[in-house]
Amino acid sequence: MKEKNILIKLERKLIRIIERGYLKTFLKVQYRGREIVQCGNSYGGFAVDTTILNYINSKRKLVVYSFGIGEDLSFSEAVYKKWNCNIYAFDPTPKAIQYVKQSSLLSCDGFHFYEWGLSDKDEIGEFYLPDSEVYVPESLVGSNNVQEVSGSVFKHDGLQEKSIQVNLKKLGSIMRYLGHEKIDLLKMDIEGAEFTVIDEILESGIVFKELCLEVHNRFFKKGSVKLRRMIEKLNNAGYYIVSVSPNLMEITFIQK
């Protein structure tokens, strides 16, 4: 039995190594010569291309949508501090809602929070919560530990079997409600739902200048193939990679 367990672990490790090698074949910067800045900590933050955002912000206030907050507002805080812009944050997870309501950012004029989940449908739908709270080490986030409390409309390992009912909306529906025709910076960390959501966004013709996306291909069988196809769809729509994080999970695209 012990030898069998060792073989299973070695097999899984080999699969991860092979998959990482495959990811590196297409997860590459496609457009260079940009000014890339890290906004937020290494856990909840993203690399942001400031070139176009600085230009837009010189003409008017940026419109930023941030989906998936958890207990880490470092991205929103950094973006707000840098551009003094309008940030619209979204997360229907109960613990995330509680966290945001206690944040000093909520008192800022340009920060707005909604208890909605992002989906490819408008509905009151099922939303799965984390099976257990996972503490993220201080080394990843700086001076404060955070808890991974984000749920998802997509059921995967690590989530409870029982779901709650939350308000789910398509991006276009949210934009119409808030009176926006386009988005300057779109950030999504939606725990595996990005594959269907990106399809719906591209089909709807919504325009955004920049996309900061955390990918969760690891939740799916042949997830790397799903990720490659999603990137091809974004490329075909005119969006190209300007930054990939060392862990191959945070990817930044700009409209070229």
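The legends below describe a predicted model of one protein, in an overall view and several close-ups.

In this predicted model, local features need pLDDT of at least 70, side-chain atom pairs count only at pLDDT 80 or more, and totals for chains, interfaces and linings use all residues. Residues are numbered from 1 along each chain as its sequence is written, and side-chain values use heavy atoms, with hydrogens and water left out.

Figure 1. Helices (H or I, at least four residues) and strands (E, at least two) are DSSP runs numbered from the N terminus. Of the 256 residues, 49% count as buried, meaning under 20% relative accessible area with a 1.4 Å probe and protein chains only; over 50% is exposed, and values in between are partly exposed.

**Figure 2. Ser 150 in the loop between strand 9 (146-148) and strand 10 (159-169).** Ser 150 is buried, at a relative accessible area of 9%. Contacts (heavy atoms within 4.5 Å) join Ser 150 to Gly 70, Asp 91, Thr 93, Pro 130, Leu 159 and Glu 191, leaving aside residues up to four places away in sequence. Pro 130 stands 20 residues from Ser 150 along the chain, with 6.6 Å between their C-alpha atoms.

**Figure 3. Cys 212 and the closest cysteine sulfur, in Cys 39.** The two sulfur atoms are 7.8 Å apart, too far for a bond. A disulfide requires a pair of cysteine sulfur atoms within 2.5 Å, and the count by this rule is zero. Cys 212 is buried, with 0% relative accessible area.

**Figure 4. Cys 108, a partly exposed cysteine.** The relative accessibility of Cys 108 is 22%.
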